[in-house]
Amino acid sequence: SPIHLGIGLCFMARHVTEPVLVPWRLVVSEEELQALQGSFTGQNILDRACSSAGVHIAIDACPSAPRPPQASAAVVPKVVTIRGTMWQKRQAARAIIERLLEVQGAGSGGVLLLLPSAGFEAMFVSELEEGLKLIGAKVHVPAEHQLTNAGSPLARFLALVEGNREQILSAATRVNTSIQDLADRGQVGGVHFTEDQSGPQSNPL
């Protein structure tokens with residue numbers, strides 16, 4: 001069952017026609033998750049993000065999803081879902097990305113994003129591509145033919161974002177904004193950003 005972290009947050013089911021706040025979904029290995037939870041340092045980055053940034057974080061098993069060839073496969077990957085406003089998500093992700101790069105042992109590295117297949121084409125809009133070139137980050141995605149059941153809201157794919165902390169943060173922000181544009185137009189909804197299909201979708205206010 002998923003692990004949910006959050007402090008003092010209220011939830012309200014939104015009307016089905018109301019756009020969702022698209023979360024950030026980072027895919028991590030078991031070792032990286034332990035580092036985020038403070039197993040090695042005693043500092044739980046995820047708890048701190050909930051209390052300082054006001055985000056809600058859930059940890060689930062990562063569903064099967066095609067990945068770009070540049071991404072190595074974790075044995076038992078987990079997905080860390082960060083929900084909140086854009087400012088809250090960026091504040092939380094900054095510390096999380098920094099810790100992930102420390103685990104990788106370099107100032108630069110890569111972070112995997114779990115994205116809905118319904119948003120695959122949004123990765124190629126000119127505004128996003130030009131923005132990524134401007135900040136110097138690289139984003140790798142699987143080939144389109146690798147996507148299966150792309151029309152299903154449960155279909156996912158992995159994108160690898162490479163760079164230093166600020167480049168990864170900026171690139172992930174731009175990707176999130178592109179997917180948020182789809183949500184604002186009603187092309188993706190809450191079901192595209194959760195692996196728990198047991199109940200109605202709710203979003204942080």
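This is a predicted model: local features need pLDDT of at least 70, side-chain atom pairs count only at pLDDT 80 or more; totals for chains, interfaces and linings use all residues.
**Entry 1: helices H4 and H5**

Helix H4 covers residues 126-135 and helix H5 covers residues 165-184; I found them packed at an angle of about 170°, with their axes 10 Å apart. That angle makes H4 roughly antiparallel to H5, because an angle over 145 degrees counts as roughly antiparallel.

Next I looked up which residues meet. From H4 I noted Leu-128, Gly-131, Leu-132 and Ile-135. Their partners in H5 are Gln-167, Ser-170, Ala-171, Arg-174, Val-175 and Ser-178. I sorted the residues of this contact into 5 nonpolar, 4 polar and 1 charged. I also wrote down a general point: an α-helix has 3.6 residues a turn, so residues three or four places apart point the same way.

**Entry 2: H5 by itself**

I checked the length of H5. At 1.5 Å a residue, its 20 residues should span 28 Å, and the end C-alpha atoms are 28 Å apart, so the two values agree.

Which residues of H5 are buried? I listed Ile-168, Leu-169, Ala-171, Ala-172, Thr-173, Val-175, Asn-176, Ser-178, Ile-179, Gln-180, Leu-182 and Ala-183.

I then asked what covers the buried residues of H5. The cover includes the helices H3 (86-104) and H4. It also includes the strands E3 (24-28), E6 (108-116), E7 (138-140) and E8 (156-164).

At its start, a side-chain oxygen of Asn-164 reaches to within 3.2 Å of the backbone nitrogen of Glu-166. After the helix comes Gly-186, whose phi is positive, near 80°.

**Entry 3: Arg-156**

I moved to strand E8, where Arg-156 has its place. Is Arg-156 buried or exposed? Its relative accessible area is 3%, and under 20% counts as buried, so I put Arg-156 down as buried.

I looked for backbone oxygens beside its side chain. The one of Leu-154 lies 3.4 Å from a polar atom of the Arg-156 side chain. The one of Thr-194 lies 3.0 Å from a polar atom of that side chain.

**Entry 4: Val-79**

Val-79 lies in strand E5, residues 78-83. I noted a relative accessible area of 0%, so Val-79 is buried.

I wanted to know what surrounds it. Leaving out residues up to four places away in sequence, Val-79 touches Arg-25, Leu-26, Val-27, Ala-58, Ile-59, Asp-60, Ala-61, Cys-62 and Leu-114. I also compared Val-79 with Val-28: they are 51 residues apart in sequence, and their C-alpha atoms are 6.3 Å apart in space.

**Entry 5: Gln-43**

I found Gln-43 in the loop between helix H1 (30-36) and helix H2 (45-53). With a relative accessible area of 41%, Gln-43 is partly exposed.

Not counting residues up to four places away in sequence, Gln-43 touches Ala-35, Leu-36, Gln-37, Gly-38, Arg-48 and Arg-99. Its side chain makes a polar contact with the side chain of Arg-48, at 3.5 Å.

**Entry 6: the whole chain**

Last, I looked at the whole protein chain. I recorded 5 helices and 9 strands. From the N terminus on, the elements run β-β-β-α-α-β-β-α-β-α-β-β-α-β.

Of the 205 residues, 48% count as buried. For contacts with a separation of 6 or more, I noted that 77% are between residues 24 or more positions apart.

How values were computed
Residues are numbered from 1 along each chain as its sequence is written. Side-chain values use heavy atoms; hydrogens and water are left out. Axes are lines fitted to C-alpha atoms, for helices over the stretch in contact, and angles run from 0 to 180 degrees between N-to-C directions. Helices (H or I, at least four residues) and strands (E, at least two) are DSSP runs, numbered from the N terminus. Angles under 35 degrees count as roughly parallel, over 145 as roughly antiparallel, 65 to 115 as roughly perpendicular and the rest as oblique. Contact means heavy atoms within 4.5 Å. Ala, Val, Leu, Ile, Met, Phe, Trp, Tyr, Cys and Pro count as nonpolar, Asp, Glu, Lys and Arg as charged, and the others, Gly among them, as polar. The expected span of a helix is 1.5 Å times one less than its number of residues. Buried means under 20% relative accessible area, exposed over 50%, partly exposed in between (1.4 Å probe, protein chains only). A polar contact is a pair of N or O atoms within 3.5 Å; within protein, one must be able to donate a hydrogen and the other to accept it, and residues adjacent in sequence count only if both atoms are side-chain atoms.
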